Amino acid sequence: MELLYGPIRDYAWGSRSAIAELQGRPVPSDGPEAELWLGAHPGAPATVDRDGVRVSLVDLLLAEPDYWLGERVVGRFGCRLPFLLKVLAADAPLSLQAHPDSEQARAGHAADAARPDGQRNYVDPYHKPELLVALSPMEALCGFRDPARSAEVLAGFGVPALEPVVAALRAGPAGLREAVRALLTWPADQRDGLVAAVLAAQVAGPDAELARLLAAGYPGDPGVLVALLLHHVRLAPGEAIWMPAGNLHAYLRGTGVEIMAASDNVLRGGLTPKRVDVDELLRVLRFEVLPDPVVRARPVAPGVVCWPVPVEDFALHRVTVEPGGPAVPLPLPGPRVVLCRAGKLTVDDGAGTVTLGPGQAAIGTATAEPLVFSGEGEAYVATCGPSGQQLG
């Protein structure tokens, strides 16, 4: 094991306390801290120490792929870490967004390279499914809910201009595409008035409160109304949401551990000043009801739980070592990234040992030796998937 040093992304929606508190730094931080990245994504790779010099994990993997990734991972994914582990801390809503599947990402990336206007939707040829586990109470929008319920909510505002959207939603899932297109292509000079009319209706209830929350940060943005077509989920610590390709989602507030395929392909759908490519978004979205986006932890061994997801790129486990309790082995093949959430843990991967405190991370080699956790505390372990199958 070697200590891993992750960069912090300072997006405007980030918290000035959550990541700083996790790492034991002064609060508030100097500016917003949105995401701690623990991986080898070229956009913000983590580093390791080599004789007092910080070396990019990207360079380390390219130089020693068999040692860090192993033959199995290199054969499947190439000389790259296929997952990215993050701590996400939101004090304000993120943009509505969706991510492509593998085929869409490859085709879109190739097509973007030939675009004469220089616009890019796909910065790499990889998909980006995501799993987020709440560390604090957390709110999110994820996946389309029953369109009949969405029709009822929009109709309740009593805004005549929304009647065609309501009619589309009453047609069931087949009308979702038409409803989303209508809202996202609403004439720019009429958007402020549309959102203002919805807010002026003075309707009570969670949906109206959500509209007011989003409009406060994004006045006149049609994403305020698109958001009302989605599940509004409140997660307790330890609960997770799974976002496969094509599902529209946004995190609203709270702190969580997020793991995803190592990609930065994002198609936005509102709640943002950035470009929204409506046609490409509509091509990628899955216009179907997501029955239940919440994933519950599954015990797989003493002191170990996981959140099963159906991808090869990543798996996420949580290890808890009780005070005075026995060491906890985790027989998962490498590569392995470990984030200490609480306590003080010693981690041994058979090639080396590190001791981690809250907010510290380490990377283990591709050895087949199990990780062994001792001390006391809690850690999250990212590996390649599928989750739960190696232990259970």
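A residue counts as buried when its relative accessible area is under 20%, and as exposed when that area is over 50%. The legends below describe close-up views of a predicted model.

**Figure 1. Leu-271 and Gln-202 have positive phi values.** Most residues other than glycine have a negative phi. Leu-271, with phi near 55 degrees, lies in the loop between β13 (267-268) and α12 (278-284). Its relative accessible area is 1%, so Leu-271 is buried. Gln-202 also has a phi near 55 degrees, and its place is in the loop between α9 (191-200) and α10 (206-217). Gln-202 has a relative accessible area of 64% and is therefore exposed.

**Figure 2. A cis peptide bond joins Val-27 to Pro-28.** Omega of this bond is near 0 degrees. Pro-28 is located in the loop that runs between helix α1 (18-23) and strand β3 (35-39). Most peptide bonds are trans.

**Figure 3. A cis peptide bond joins Gly-334 to Pro-335.** Here omega is near 5 degrees. The loop that holds Pro-335 lies between strands β18 (328-330) and β19 (336-348).

**Figure 4. Cys-79 and Cys-384 are in no disulfide.** A disulfide is a covalent bond between the sulfur atoms of two cysteines. The disulfide count for the model is 0. For Cys-79, the nearest cysteine sulfur is that of Cys-384, 13 Å away; for Cys-384, the nearest is that of Cys-79. Cys-79 is partly exposed, with a relative accessible area of 37%, whereas Cys-384 is buried at 2%.

**Figure 5. Helix α7 packs against helix α8.** Two packed helices are described by the angle between their axes and the distance between the axes. For α7 (residues 163-170) and α8 (residues 176-184), the angle is about 160 degrees and the axes are 7 Å apart. Because an angle over 145 degrees counts as roughly antiparallel, α7 is roughly antiparallel to α8. The crossing of α7 past α8 is left-handed. On the α7 side, the contact is made by Val-165, Ala-168 and Leu-169. On the α8 side, Leu-176, Glu-178, Ala-179, Ala-182 and Leu-183 take part. By class, the residues of this contact comprise 7 nonpolar, no polar and 1 charged.

Definitions and conventions:
Residues are numbered from 1 along each chain as its sequence is written. This is a predicted model: local features need pLDDT of at least 70, side-chain atom pairs count only at pLDDT 80 or more; totals for chains, interfaces and linings use all residues. Side-chain values use heavy atoms; hydrogens and water are left out. Helices (H or I, at least four residues) and strands (E, at least two) are DSSP runs, numbered from the N terminus. Buried means under 20% relative accessible area, exposed over 50%, partly exposed in between (1.4 Å probe, protein chains only). A disulfide is a pair of cysteine sulfur atoms within 2.5 Å. Axes are lines fitted to C-alpha atoms, for helices over the stretch in contact, and angles run from 0 to 180 degrees between N-to-C directions. Angles under 35 degrees count as roughly parallel, over 145 as roughly antiparallel, 65 to 115 as roughly perpendicular and the rest as oblique. A crossing is left-handed if the near helix is turned anticlockwise from the far one by less than a right angle, and right-handed if clockwise. Contact means heavy atoms within 4.5 Å. Ala, Val, Leu, Ile, Met, Phe, Trp, Tyr, Cys and Pro count as nonpolar, Asp, Glu, Lys and Arg as charged, and the others, Gly among them, as polar.
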